[in-house]
Structure formats: structure tokens, C-alpha cells
Amino acid sequence: MPFKSRTPLIAALVMGVGGLGSAAAQTLGSPLPPGAKPPATASQPSGLPHGQGAGVHSPLSPFAPLPRRDDVVAWSTLTDITTTVEKKRIVPVYPAPVAALHQKTLRLQGYMMPLEPGENQRHFLLASVPLTCGFCTPGGPESMVEVRASKPVKYKLEAVVVEGTFHVLQNDPYGLYYRITGAVGVE
């Protein structure tokens, strides 16, 4: 399938069906103040997204939360952003710790959302929480990363770890905030 025919799917997944609605500045992802570290609890270790909205692991999920790993970037870092309105568009405002990740080789752990058919994936979205519906996104663009793999990554329902060059996107036409290129699967 040519790239051009997949791009509406990415845009629909990231932006949702309803479009942007009213264009007011908003805070996404984390109910904590910017830079605050979430406290560790018995049910949810530190470093995992907290709160009640999209992009937060539901305690009712049949999948376990992501296990804590020190070798990956925490989703709480990536979701700790704000947005602003510029020329009738909602754009992300990245704090310094997120902006510093641009063009760095790093690892990220998450759940695969395939964008192509097949067991082995070269192009997919990696989400902070597992899918609970095949027609819904598990969160907003702050809780998903587009992955372009140099070697196919085998699809599985459990969390995967990928390593590659991380890109913090300033003006992506599909509404994405993050991308990893040259990615490979890591055990």
C-alpha cells in the first residue's frame, strides 16, 4: 500500500472523528503540574501515565500496565506537554526535557497499533496503553509515537520495546507529535 493511501488513516487515528472543535488552548495527558513526578503506588508504579482520560492505563484493562524499565523513556515525560492555538491550529508546546530528546537515539516501550496488514510491521503507532477498541485511539497524539522500522517488528498484543532516532515534531501535517525512524525491536 503506497504511503499516500495510509496517511488519512494516521490522521483519523490521531485527530479522532470529531475534528478539532473549538480552538482553545488546553493541557494534555497529565493531571500533574508540568515537571512534577507522579508518586509511586502499589497499583501503579512511578513513570506510568496517571489520571482518568485517554492515554491512561485503566485498572479494568485485561492487560497489565507497562513494566517499569530504566532503559526506556517514560510516557509520563512525553505526555507532560501543553498546547496553544496558532492560526486556528492546536500545536504542541514541548517542555525542555521533551525538546532535548529530538534526534537522540532512544528506546520506547508501548503497545503496537498496526497501520498495515501482516504479522511483521515496518510502520505502526506505538501507544502508552493497549487498544481496547479496534476503531478508537487509546489516547491523544501525546500518548502515541509513529514508528518507522528499518527491520520488521513482529506484532504482538503485549508491550514491545523499539530503539531508533526520536523526532519531536513541530508541524506534522497529520497531527503527530513524535516519530521514531530507523527503529528496531529490542527484547
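What follows is a chat about a predicted model of a protein chain.

Visitor: What do the strands build, and in which order?
Guide: Five strands close into a barrel, in the order 3-4-5-7-6, with mixed pairing. From one strand to the next the twist averages 50°. That angle is taken between N-to-C directions on a scale from 0 to 180 degrees, with axes as lines fitted to C-alpha atoms. Two strands pair if DSSP finds at least two bridges between them.

Visitor: Strands 3 and 6: parallel or antiparallel?
Guide: Antiparallel, over six bridges, between strand 3 (residues 105-114) and strand 6 (residues 160-168). Gly 110 has Val 160 in strand 6 as its bridge partner.

Visitor: And how many bridges join strand 4 to strand 5?
Guide: Seven bridges join strand 4 (residues 120-127) to strand 5 (residues 144-154), and the two run antiparallel. Asn 120 has Lys 154 in strand 5 as its bridge partner.

Visitor: In which sense do strand 5 and strand 7 pair?
Guide: Strand 5 and strand 7 pair in the parallel sense, over four bridges. Ala 149 stands opposite Ala 183 in strand 7.

Visitor: New topic. How many salt bridges are there?
Guide: The count comes to eight. The rule asks for a side-chain nitrogen of Lys or Arg within 4 Å of a carboxyl oxygen of Asp or Glu.

Visitor: What does Asp 71 meet?
Guide: The side chain of Asp 71 meets that of Arg 107 in a salt bridge, at 2.9 Å from N to O. Asp 71 is in the loop between helix 1 (3-15) and helix 2 (75-78), Arg 107 is in strand 3, and the two are 36 residues apart.

Visitor: Which other residue does Arg 107 bridge to?
Guide: Arg 107 also forms a salt bridge with Glu 163, with the closest N and O atoms 3.2 Å apart.

Visitor: How exposed are they?
Guide: Arg 107 is partly exposed, with a relative accessible area of 26%. Glu 163 is partly exposed at 26% relative accessibility, and Asp 71 is partly exposed at 35%. Buried means under 20% relative accessible area, exposed over 50%, and partly exposed in between, using a 1.4 Å probe and protein chains only.

Visitor: Which residues do shared partners join into one network?
Guide: Arg 69, Asp 71, Arg 107 and Glu 163.

Visitor: Now the rings. How many aromatic pairs are there?
Guide: There are four aromatic pairs. Rings of Phe, Tyr and Trp (its six-membered ring) pair if their centres lie within 6.5 Å; planes under 30 degrees apart are stacked, over 60 edge-to-face, and the rest tilted.

Visitor: What are the numbers for Tyr 94 and Tyr 178?
Guide: Tyr 94 and Tyr 178 form a tilted pair, 5.9 Å centre to centre with 50° between the planes. Tyr 94 is in the loop between strand 2 (89-93) and helix 3 (96-99), Tyr 178 is in strand 7 (residues 178-186), and they are 84 residues apart.

Visitor: Buried or exposed?
Guide: Both Tyr 94 and Tyr 178 are buried.

Visitor: Why is the pair of Tyr 177 and Tyr 178 edge-to-face?
Guide: Because the planes stand at 85°, with the ring centres 6.5 Å apart. Tyr 177 is buried at 6% relative accessibility. Ring pairs link Tyr 94, Phe 166, Tyr 177 and Tyr 178 into a cluster.

Terms used:
Residues are numbered from 1 along each chain as its sequence is written. This is a predicted model: local features need pLDDT of at least 70, side-chain atom pairs count only at pLDDT 80 or more; totals for chains, interfaces and linings use all residues. Side-chain values use heavy atoms; hydrogens and water are left out.
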